[in-house]
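Good morning, and thank you for joining. I shall present one structure, with attention to its backbone, its core and a pair of helices.

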Amino acid sequence: MGDFRKESDLLGELEVPVNAYYGVQTQRAINNFKISGQLLSSYPDFIKGLAFVKKAAAKTNYELGLLDENLYFKIAEVCDELINGQLHEQFPVDMIQGGAGTSINMNANEVIANRVLEKLGKNKGEYEFCSPNDHINLSQSTNDAYPTAIKMGLLQMNVGLVERLQKIVAAFRAKGEEFQDVIKMGRTQLQDAVPMTLGQEFEAFAANLEEDISKLNNNADLFVEVNMGATAIGTGINAPVGYATLCAKNLAQITGFPIVSAPNLVEATPDTGSYVIYSSAMKRLAVKLSKICNDLRLLSSGPRAGLFEINLPPMQPGSSIMPGKVNPVIPEVVNQVCYKVIGNDLTVTFAAEAGQLQLNVMEPVLSHAIMENINFLRNAMDTLHDKCIVGITANKEVCLNMVKHSIGIVTALNPYIGYKQSTQIAKEALETGKSVYNLVLEKGILSQEKLDEILDPKNMLKPHNK
């Protein structure tokens, strides 16, 4: 019994580990929700978000005369400890839970209260001196503190996600410059099309992903509107006049983000539209990233019986039975991450739709899906950058030979000999195995000098006049 202390709540007494900073409601959540195995402690930015919210709330309550100075400063000190990464192991509740986030909100309230008690020279659980509900949760409800903390967490996490994306874009762009003189065949529907450079292909990868930087940032901007002061359903019951606006101002000052109070707190409390649109931006990124990984796997296929236009860095043996086989494991793992992100976006959609009346109780699974996606994408892009993109090399001669022997270059003849005759040349080349070049000369359609000029791959890389 010496390893536990007893705390009580609405349902009665419960034993809590004696050294735990969390209390009875957190312990009930530990007992009730053994679901995903992914704990709040695994998401440090979410814990920091909770600390930002509790610090801003304490500052607002102090400025409005509801909290004495000594208690306010102690609460602020503890919140700063959480923001700096301390005590994160004291957040052991599962990210997926019933109760619309009450367990996570109370986990924060209890940890902060018990750490404040320690600073005051009191014992954990002596809540008459600093209460999780009456002091830490003063002028708040889970229904405004919890979604606001989610948004503060996501604003921080988006910064890291965008940094990874910018790094990937820069890496593809660098390869685009490195490969700018590597002539190859472009393909549509997996069939030969017209020549291009490998540099153009990789620059296109960079441009394709670069678009998503602004999409992520613009959608994350929706998180700056919060419903602090809404309390239970948006009417502001138990919060003093002016609390909502002042708390948003304090939260902006503490976080550095341009936080504002929602104009209609009753509307803002159940609304999860910002999560839906941000999740959709991550899905868009995942779809693009997966497509690019598919291309990398195709371009590196072979080495003897595939395209073999590029080499991916060899990361590990590829088979337990086939000697010498090396697989494109990094693009493969990123593909799988992208599938997970796309699936989680559907979870966000269903969770957002499930909001009823004045609250959406599905925010735990919604926030978990989004935060999991951000972590997955950040890790995947780090892996793709460090273990794949920067080490890609080109097989220049392979690329050039494919151009020389491709039927696709006949497209360049269209403006000079017409579509019908070009089609006949292409068909005969396929049937006989002869090159387009030799057939045009044999038939006397063009002079060798003119043909050389038209079919010079460098002349087929951009628009030009006849």
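**Backbone, core and helix packing**

F308 is placed in the loop between helix 10 and strand 7; helices (H or I, at least four residues) and strands (E, at least two) are DSSP runs, numbered from the N terminus. This is a predicted model, in which local features need pLDDT of at least 70, side-chain atom pairs count only at pLDDT 80 or more, and totals for chains, interfaces and linings use all residues. Residues are numbered from 1 along each chain as its sequence is written, and side-chain values use heavy atoms, with hydrogens and water left out.

Although not a glycine, F308 has a positive phi near 55°. F308 is partly exposed, at a relative accessible area of 25% (buried means under 20%, exposed over 50%, partly exposed in between, with a 1.4 Å probe and protein chains only). The loop between helix 10 (273-299) and strand 7 (310-311) also holds P303, and the peptide bond from G302 to P303 is cis, with omega near 10°.

I turn to the core. The largest nonpolar core has 113 residues, and F46 and F172 have the most contacts inside it (such a core is a set of buried Ala, Val, Leu, Ile, Met, Phe, Trp, Tyr and Cys residues joined through side-chain atoms within 4.5 Å). Helix 6 (residues 142-178) gives the largest share of this core, 15 residues.

Finally, helix 2 (residues 44-63) and helix 3 (residues 69-83) pack at about 165°, with their axes 9 Å apart (axes are lines fitted to C-alpha atoms, for helices over the stretch in contact, with angles from 0 to 180 degrees between N-to-C directions; contact means heavy atoms within 4.5 Å).
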